[in-house]
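The sequence and structure come first.

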Amino acid sequence: QVQLVESGGGSVQAGGSLKLSCKVSGYTYNRRWMAWFRQTPGKEREGVAMIPTGGDITDYDDSVKGRFTVSQNNAKKTVYLHMNSLKPEGTDMYYCAIKTFGGAVGWATMQPTDVAYWGQGTPVTVYS
């Protein structure tokens, strides 16, 4: 059974940093995209950062470029999202997910579709 378990969410003042983790179990790494999504209440889920399982290329949404870094420890099967210079946007839920495809970066990698597995999410509150 595949499980994705996020952790590391919490409350932080604007300008601060948080590091989220996503522990993967029951899944064989195969270069499919691993994605971090965030969702503001009442809005659609949006992709923020991507990295292929077992790979090292990355992709980011323009809104987080230069502030967020996605990385992974293949031995621990854990993907991380380092978030710096956080903006006071209230509370968002952050989800990790494994897409159904790998390959080249493209428009589809950032969409909350074609997802094979989702985590349960971890909340991030950024206050001013």
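## Overall build

The chain has 11 strands and zero helices. Read from the N terminus, its elements therefore follow the order β-β-β-β-β-β-β-β-β-β-β. The model is predicted.

The radius of gyration is 14 Å, which agrees with the value near 14 Å for a compact globule of 128 residues. Along the principal axes, the C-alpha trace spans about 40 × 30 × 25 Å. Of the 128 residues, 42% count as buried. The accessible surface of the chain is about 6300 Å², and carbon and sulfur atoms hold 47% of that surface. Among contacts with a separation of 6 or more, 59% are between residues 24 or more positions apart.

## Nonpolar cores

The largest nonpolar core contains 27 residues, and the members that touch the most others are Trp-36, Leu-81 and Met-83. Two or more residues of this core come from each of β3 (18-25), β4 (32-39), β5 (46-52), β7 (68-73), β8 (78-83), β9 (90-102) and β11 (122-127). The strand that gives the most is β3, with four residues.

Leaving out residues up to four places away in sequence, Leu-81 touches Leu-18, Lys-19, Leu-20, Trp-36, Val-48, Ala-49, Phe-68, Thr-69, Val-70 and Tyr-94. Another core lies apart from the largest one. This other core has seven residues, including Trp-33, Phe-37, Ala-97 and Val-115.

## Salt bridges

Side chains of opposite charge can pair when their charged atoms come close. A search of the whole structure gives two salt bridges. One of them joins the side chains of Arg-38 and Glu-46, with 2.7 Å from N to O. Arg-38 counts as buried because its relative accessibility is 6%, under the 20% limit. Glu-46, at 35% relative accessibility, counts as partly exposed.

In the other salt bridge, the side chains of Lys-65 and Asp-62 meet at 3.1 Å, N to O. Asp-62 has a relative accessible area of 63% and is therefore exposed, the limit for that class being over 50%.

## Ser-71 in strand β7

Ser-71 belongs to strand β7. With a relative accessibility of 23%, Ser-71 counts as partly exposed. Its side chain is joined to that of His-82 by a polar contact of 3.5 Å.

With neighbours within four places in sequence set aside, Ser-71 is in contact with Ile-51, Thr-78, Val-79, Tyr-80 and His-82. Ile-51 is 20 residues from Ser-71 along the chain, and the C-alpha atoms of the two are separated by 7.2 Å.

## Trp-118 in strand β10

Strand β10 holds Trp-118. This tryptophan counts as partly exposed, with 33% relative accessibility. Trp-118 and Cys-96 are 22 residues apart in sequence, and the distance between their C-alpha atoms is 6.1 Å.

Apart from neighbours within four places in sequence, the residues in contact with Trp-118 are Leu-4, Phe-37, Arg-45, Tyr-95, Cys-96, Ala-97 and Pro-112.

Most residues other than glycine have a negative phi. Which residue of the loop between β3 and β4 is of interest here? The residue is Arg-31, which lies in that loop. Arg-31 is not a glycine, yet its phi is positive, at about 70 degrees. Its relative accessibility is 53%, so Arg-31 counts as exposed.

Asp-114 is not a glycine either, and its phi is positive, at about 50 degrees. Asp-114 sits in the loop between β9 and β10 (115-118). At a relative accessible area of 44%, Asp-114 is partly exposed.

Notes
Residues numbered from 1 in each chain as written. Predicted model: local features only at pLDDT ≥ 70, side-chain atom pairs only at ≥ 80, totals over all residues. Heavy atoms only, no water. Salt bridge = Lys/Arg side-chain N within 4 Å of Asp/Glu carboxyl O. Buried < 20%, exposed > 50% of the residue type's maximum accessible area, 1.4 Å probe, protein only. Core = buried A, V, L, I, M, F, W, Y, C linked by side-chain atoms within 4.5 Å. Contact = heavy atoms within 4.5 Å. Rg over C-alpha atoms; globule rule 2.2 N^0.38 Å. Areas by Shrake-Rupley, 256 points an atom, 1.4 Å probe, with all protein chains shown as cover. Polar contact = N/O pair within 3.5 Å; in protein donor to acceptor, adjacent residues only side chain to side chain.
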